[in-house]
Amino acid sequence: MPLTVVTDVSVKQAGNIKIVLGPKITTITAPSLAAFTLDGTCPARELNFDTTASYTEDQSLCERDAKTTLDKRTHSLTLRFRVDKANFETLRTLLAWDAEIGVFARFFDPSTTALATANKGYAWNGKVGKYLLNPVAIGNEYEAVVEFYEVKFEPNAVLAA
């Protein structure tokens, strides 16, 4: 069997990822495109997500080797936005503390096409733990940081209608 070679290709091209936000996603593997209310693609400066896993080892008296099993898996999600004062009010309504929010991010697409059904990407549900507006404007925009807790993550989400 031939080996698959994975290389990085350095080609400059236009495009971006697409990030949308809205109320809690009911089916996280197939979020509804119509349910999202906010396009956060261009205002978003950072989209940071991670999964932390911890493991435990167990060995009975009749086993020669210990078995490693998953103990806990925790997901995290943080967004950083640049917004003007008017859009901050819109975001503040959606991202109220403890509100449960759905987020979908389509992978980088050089064509810059709009989101459509059958697009693949990542989906999250999470509660807003922190939403702060930096009081110092940077180029007439404010920087807002959103951190989520109780995050549910789906790495193989596909948009539904």
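Entry 1, charges. I started with the charges of the chain: the mean positions of its 17 positive and 19 negative charges are 3 Å apart. A reminder to myself that this is a predicted model.

I counted one helix and seven strands in the chain, and along the sequence they follow the pattern β-β-β-β-α-β-β-β. The radius of gyration is 20 Å, well over the 15 Å that the globule rule gives for 161 residues, so the chain is more spread out than a compact globule. Along the principal axes, the C-alpha atoms fill a box of roughly 65 × 45 × 35 Å.

The accessible surface comes to about 10,500 Å², with 53% of it belonging to carbon and sulfur atoms. Of the contacts between residues at least 6 apart in sequence, 68% join residues at least 24 apart.

How many aromatic pairs does a search of the whole structure find? It finds seven. One of them is Phe49 with Phe153, a tilted pair at 5.9 Å centre to centre and 35° between the planes. Phe49 lies in strand 3 and Phe153 in strand 7, so this pair ties together parts that are 104 residues apart in sequence. Tyr122 also pairs with Phe153, edge-to-face, at 5.1 Å and 85°. Tyr122 sits in strand 6, so here the tied parts are 31 residues apart in sequence.

I noted Phe49 as partly exposed at 37% relative accessibility, and Tyr122 as partly exposed at 24%. Phe49, Phe107, Tyr122, Trp124 and Phe153 form one aromatic cluster.

Conventions: Residues are numbered from 1 along each chain as its sequence is written. This is a predicted model: local features need pLDDT of at least 70, side-chain atom pairs count only at pLDDT 80 or more; totals for chains, interfaces and linings use all residues. Side-chain values use heavy atoms; hydrogens and water are left out. Rings of Phe, Tyr and Trp (its six-membered ring) pair if their centres lie within 6.5 Å; planes under 30 degrees apart count as stacked, over 60 as edge-to-face and the rest as tilted. Helices (H or I, at least four residues) and strands (E, at least two) are DSSP runs, numbered from the N terminus. Buried means under 20% relative accessible area, exposed over 50%, partly exposed in between (1.4 Å probe, protein chains only). The radius of gyration is taken over C-alpha atoms; the globule rule is 2.2 Å times the number of residues to the power 0.38. Contact means heavy atoms within 4.5 Å. Accessible areas come from the Shrake-Rupley method with a 1.4 Å probe; for residues, only the protein chains shown count as cover. Lys and Arg count as positive and Asp and Glu as negative; His and the chain ends are not counted. The place of a charge is taken as NZ of Lys, CZ of Arg, CG of Asp or CD of Glu.
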